[in-house]
Amino acid sequence: MILLAFALCTLVALAGVIAGRDHRQMNTACIAQSVAFFLLAGWFLLSGQVPATALAIGSQFFFVDHLGIYEVLISTVLFTCAAIYARGYIEGLLESGELQKGSLRLFYAAWALLLLILVLAFLADNLALFWICAELTTIISAMLVAILAARENIDAAIKYIFIASTSMLFSFIGFVFLFEISRTVTGTGTLNWTGLMGIAHTFPAGIATAAFVLVFIGFAAKSGIFPFHTWLPEAHAKAPSAVSAVLSGVLLNVGIYGIIRVYAIIHQTGSSGQVSFLLALFGVLTVGIAAFSMVPQRNLKKLIAFSSVENMGILLVGLAVATPVAIFWMLFHIMAHSFTKASLFFSAGILHRQYRSHLSSEAVDDIRDVFVYQPFAAWGIIIGGLAIIGMPLFPVFWSKFFILRELGTISPVVLFIMLFLLFLAAAALGYFVLTTFTKITDPARIPDIVPYRTPVNMKLPIIFLLALLVIGGLVFTQGEVSFISRIVAELRF
Amino acid sequence: MIETTTLAGLIKVLFVAIVITAAYIITTRNLLSGVSAYATQSLTLVLIALLLYGIEGSPVLLAIAAITFASKVLIIPYFIASIQEKIRIKRDIEFHFLSPTTSLVVSVALMLLVYIALGRVMAASAIRDNLFFFGAVLGISLMLMGMMVTFSRKRALTKVLGFLSMENGVLLFGLFVTELPFIIEFLIVIDLIILVLLTTILTVGIDSTLEDYHKRLHRFHLWEEEERS
């Protein structure tokens with residue numbers, strides 16, 4: 001039934017977008033949709049219906065467990081923030097002529113549809129169905145990247161589609177393997193995650209590993225893991241900032257979510273050792289590549305995008321450690337990263353509106369006198385930056401700390417490498433802020449910058465997310481802890 | 001009723017046809033013939049599905065054959081061909097990294113590799129006989145060959161062809177390894193059609209933004225002149 005409610009909300013929102021006469025009405029429809037989604041998911045959780053089986057949901061292909069609802073809640077919060085932010089941001093794009101008025105309807109329709117498909121992906125029990133939803137999110141989000149219709153946007157979108165979709169085909173082969181394994185074991189074959197979890201301990205190790213490796217290729221590409229990360233900085237930097245926040249905060253989670261689900265299955269079989277090694281290897285490589293790419297980076301949005309790559313690597317390492325504590329903090333890190341990264345992209349969006357080059361969209365933003373023109377966004381970047389590098393008392397600090405502590409009990413050498421790389425990434429971010437935010441124009445020169453008046457609705461989401469981060473880092477409620485512990489238990493770690 | 005061995009023999013002949021079309025897509029410089037090679041490849045898959053139905057008798061195979069025929073033999077090739085008319089790109093002569101000859105050599109190596117790797121992985125599972133094993137190997141090889149096209153060509157349209165060919169590989173693999181529920185095959189086709197639609201429209205977008213590009217360039221020069229004066 002809840003699925004029907006989600007679909008109905010989307011239909012109403014789509015109708016609102018199509019019937020909407022101006023930008024504000026379409027935007028309101030999308031904000032309303034994400035708020036409704038959040039309330040629905042929250043109600044479902046609080047009314048004690050989670051975990052819900054196929055019967056309660058109304059379809060054998062779907063289910064609701066704590067991990068699913070957790071991801072849905074994160075996504076809906078971010079979509080709400082991003083939709084509110086888009087109200088001011090898209091207005092600016094329309095004024096400057098970067099976005100055609102005719103594309104507006106398409107933009108918001110795709111936006112509403114993307115949220116629905118994301119939620120369906122997180123609630124899909126059937127892995128093939130999940131695969132298709134994940135694949136559709138790629139296509140729709142690529143459309144949102146390409147909406148600006150500038151050549152480099154289209155190039156970035158095409159690169160994104162081809163890298164993600166071709167790799168996702170490997171995942172599909174992996175799922176075919178899983179199906180075949182389950183068919184050999186039970187005789188009928190299933191691709192339902194709950195079903196596979198039940199019989200996973202009987203799977204032969206060799207073919208299960210092969211299945212995981214294939215699945216991993218696809219979802220690694222989706223979440224920007226090395227060596228498939230090349231599309232990510234392009235797409236995230238070129239997209240409108242409201243979209244970048246969604247791409248980084250929600251879309252990357254889809255890939256990691258897929259990896260978590262399949263890893264939970266493989267963890268039951270005898271081959272978890274090899275698979276853990278693989279995850280750790282790619283995790284560390286990803287963090288490494290991201291850290292070294294961040295050092296010379298002069299483009300703020302690309303820098304933040306590479307930081308997303310880095311955090312995906314950390315998640316993989318947390319997953320590879322696979323102790324209950326590590327999994328707990330890995331799950332917490334998903335939320336911490338999503339919120340922090342979205343706030344960073346929002347702030348970067350304001351700076352981009354102020355300092356973007358009017359001559360070429362490829363040029364790096366000429367950021368100077370930030371504290372004169374955009375003090376709010378500058379502080380947003382500074383606080384968000386401190387949060388993402390894991391300064392104490394921010395949520396990311398706790399998750400990084402405990403993941404690394406668990407890693408240290410397994411391999412001190414890898415811990416040392418990780419610490420070095422994380423330090424490098426943090427230093428790169430700090431260096432960028434120190435060099436660009438201190439640039440001051442000679443007072444004798446006539447100022448040529450027209451101050452960009454940031455609309456209130458672009459500031460609100462940033463304030464909200466930063467407040468959430470500060471509170472989230474200081475207060476751990478009993479409910480939060482038991483909720484994430486339930487996920488760990490359901491994943492059987 | 002034709003005998004199973006005859007059917008199996010026919011399928012093997014069709015395997016050869018698939019390899020030929022794949023090799024053709026890899027090496028061709030002419031887009032239009034690439035599209036018809038893809039349509040032929042899809043038609044071969046339809047025939048294989050029908051022959052498999054003759055052997056196994058599962059009605060899902062008939063449904064798969066029907067949907068493959070409608071989407072991949074008719075709709076998608078027609079769509080790509082009409083887009084191509086619109087943007088007037090006839091040839092894609094640029095190859096990154098790999099020349100056609102090298103690509104062919106690499107494909108042969110890939111096939112051998114897949115054969116060995118799959119032989120090891122499948123040893124544990126109940127893969128029924130030679131024919132099915134070959135089907136699986138060919139499926140994955142076709143996928144990898146498609147991937148090579150996607151990453152070694154420059155034009156988005158040719159990349160789409162590579163991707164489509166990869167997807168054919170997945171279908172082939174699925175046909176021979178296991179019996180997936182029809183709904184999944186159906187959804188994949190939907191996904192494929194949307195992907196093709198979007199990427200081709202974007203390709204047209206690149207073409208139409210060129211004018212905009214010139215405008216911006218023009219503005220740039222103006223600005224330069226102003227500064228000089």
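Let me start with pLDDT, which is the predictor's confidence in each residue, from 0 to 100. What we are looking at is a predicted model, in which local features need pLDDT of at least 70, side-chain atom pairs count only at pLDDT 80 or more, and totals for chains, interfaces and linings use all residues. Residues are numbered from 1 along each chain as its sequence is written, while chains are lettered from A and ligands numbered from 1 in the order in which they are written.

For the complex, the predictor gives an ipTM of 0.83 and a pTM of 0.90. Chain A has an average pLDDT of 89, with 98% of the residues scoring at least 70, whereas chain B has a mean of 78, with 80% of its residues at 70 or more. In chain B, confidence is lowest in α7(B), at a mean of 63, and highest in helix α2 of chain B, residues 31–56, at 87; helices here are DSSP runs (H or I, at least four residues), numbered from the N terminus. Over residues 220–229 of chain B the pLDDT is below 50. Where pLDDT is low, the predicted coordinates should not be read in detail.

Just after α7(A) comes Gly187(A), with a positive phi of about 100 degrees.

Also in chain A, helix α9 (residues 205–222) packs with helix α12 (residues 272–294) at an angle of about 20 degrees, with their axes 10 Å apart, the axes being lines fitted to C-alpha atoms over the stretch in contact, and the angles running from 0 to 180 degrees between N-to-C directions. The two helices are therefore roughly parallel, a term that covers angles under 35 degrees. Among the residues making this contact are Phe212(A) of α9(A) and Phe282(A) of α12(A), where contact means C-beta atoms, placed from the backbone, within 7 Å.

Key
Angles under 35 degrees count as roughly parallel, over 145 as roughly antiparallel, 65 to 115 as roughly perpendicular and the rest as oblique. Two residues are in contact if their C-beta atoms, placed from the backbone, lie within 7 Å.
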